[in-house]
Amino acid sequence: MATLRELKGRIGSVASSEKITGAMKMISSAKMHKAEQALKRLLPFRNQIELIISNLLSADTEFYSPLLESRDVKRVSVVVFGSDDGLCGAYNVNIFKLLLQHISDYRSKYGADVEVTVYPVGSKMAKAVAKIVGPGLNMEIQPGVDSKTGGDGVKMFVEHLQAQFLDGATDKVDVLYMGFKSVSRQRPRFEQLLPVVQETFTDNGVSEQSHPYLFEPDANTIFQSVLPMFLMAVMQDVFTENRASEQAARVMAMQSANDNAKKLLEQLQLEYNKLRQQSITTELLDILGGQIR
């Protein structure tokens with residue numbers, strides 16, 4: 001049976017843990033709101049790019065870009081987003097399970113000999129992917145790219161993926177990440193980045209906002225210039241959503257840890273009070289027994 005001193009030590013330790021988890025929750029919440037605001041600032045730019053492309057597609061002109069080229073898939077690249085830090089619950093585990101599922105889908109759809117290259121973003125995801133590397137499954141870590149990468153790093157990463165696609169080193173590029181809805185709702189998303197599909201600009205309602213324009217120098221030249229900007233906007237959105245989702249998962253994990261610490265603290269406090277009362281009662285009985293004698 002624990003002594004009063006031992007219980008007091010446990011209570012102090014749990015109380016400290018409660019304060020720490022509470023502070024970490026507040027920090028993660030602030031970071032999440034910062035990423036959420038960044039998403040709102042990025043949205044108008046992406047919408048405008050999509051609107052320009054939609055207007056171009058609605059023009060009576062033939063368009064061509066190597067980024068639209070669809071070919072037989074023998075090599076697939078998938079960019080999977082995770083975190084660099086821990087304490088975010090099952091965030092990385094859930095994404096990794098989806099990655100395994102999509103790798104299996106690739107082999108079912110394109111054949112068992114399809115070559116898959118995984119680009120993990122975040123050290124936690126890189127460690128997980130490293131364990132499954134084998135025949136037909138490669139891992140490539142892009143220097144300077146992690147879950148906290150900013151604009152310049154994202155641009156370099158997108159340019160690298162474009163170059164791989166244009167050079168024929170890969171026939172398809174997909175991204176897998178956790179989409180941000182709210183602090184309690186994050187949903188996995190799997191999107192095709194390359195080749196760019198025109199349905200992206202017709203299925204999302206952007207084409208309904210299109211208006212006739214005069215294009216100078218010509219629509220096709222503008223289209224080839226704007227398409228890489230669209231890829232950059234998409235990837236910047238993905239990086240930002242990943243940061244927001246990671247912090248939201250950490251907020252929920254810290255909230256759960258904080259709740260558990262409170263429950264444990266209440267239980268220990270109750271046990272301490274009972275043991276203390278028992279000790280006082282024993283001392284009183286000893287005193288009374290001595291007086292009677």
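In this predicted model, Tyr 177 is buried, with a relative accessibility of 3%. Its ring pairs edge-to-face with that of Phe 81, at 6.5 Å centre to centre and 80 degrees between the planes. Because Phe 81 belongs to strand β1 and Tyr 177 to strand β4, this pair ties together parts that lie 96 residues apart in sequence.

**Aromatic contacts**

- Phe 81 is likewise buried, at 0% relative accessible area.
- Phe 81 also forms an edge-to-face pair with Phe 239, with 4.9 Å between the centres and 90 degrees between the planes.
- Since Phe 239 is in helix α6 and Phe 81 in strand β1, the second pair ties together parts 158 residues apart in sequence.
- Phe 239 is buried, as is Phe 81.
- One aromatic cluster is formed by Phe 81, Tyr 119, Phe 157, Tyr 177 and Phe 239.
- The structure contains six aromatic pairs.

**Nonpolar cores**

- The largest nonpolar core has 33 residues, and the members touching the most others are Val 79, Phe 157 and Met 235.
- At least two residues of this core come from each of α1 (4-58), β1 (75-81), β2 (115-121), α4 (151-166), β4 (172-182), β5 (185-194) and α6 (219-292).
- The greatest contribution to this core is that of α6, with eleven residues.
- Leaving aside residues up to four places away in sequence, Met 235 touches Phe 81, Val 154, Phe 157, Val 158, Leu 161, Val 175 and Leu 193.
- A separate core comprises 21 residues, including Ile 95, Tyr 106, Leu 176 and Met 178.

**Charge over a ring**

- Arg 71 places its charged end over the ring of Phe 165, 4.3 Å from the ring centre.

Conventions
Residues numbered from 1 in each chain as written. Predicted model: local features only at pLDDT ≥ 70, side-chain atom pairs only at ≥ 80, totals over all residues. Heavy atoms only, no water. Core = buried A, V, L, I, M, F, W, Y, C linked by side-chain atoms within 4.5 Å. Buried < 20%, exposed > 50% of the residue type's maximum accessible area, 1.4 Å probe, protein only. Helix = DSSP H or I, 4+ residues; strand = E, 2+ residues; numbered from the N terminus. Contact = heavy atoms within 4.5 Å. Phe/Tyr/Trp six-rings, centres within 6.5 Å; stacked < 30°, edge-to-face > 60°. Lys NZ or Arg CZ within 6 Å of the ring centre and 35° of its normal.
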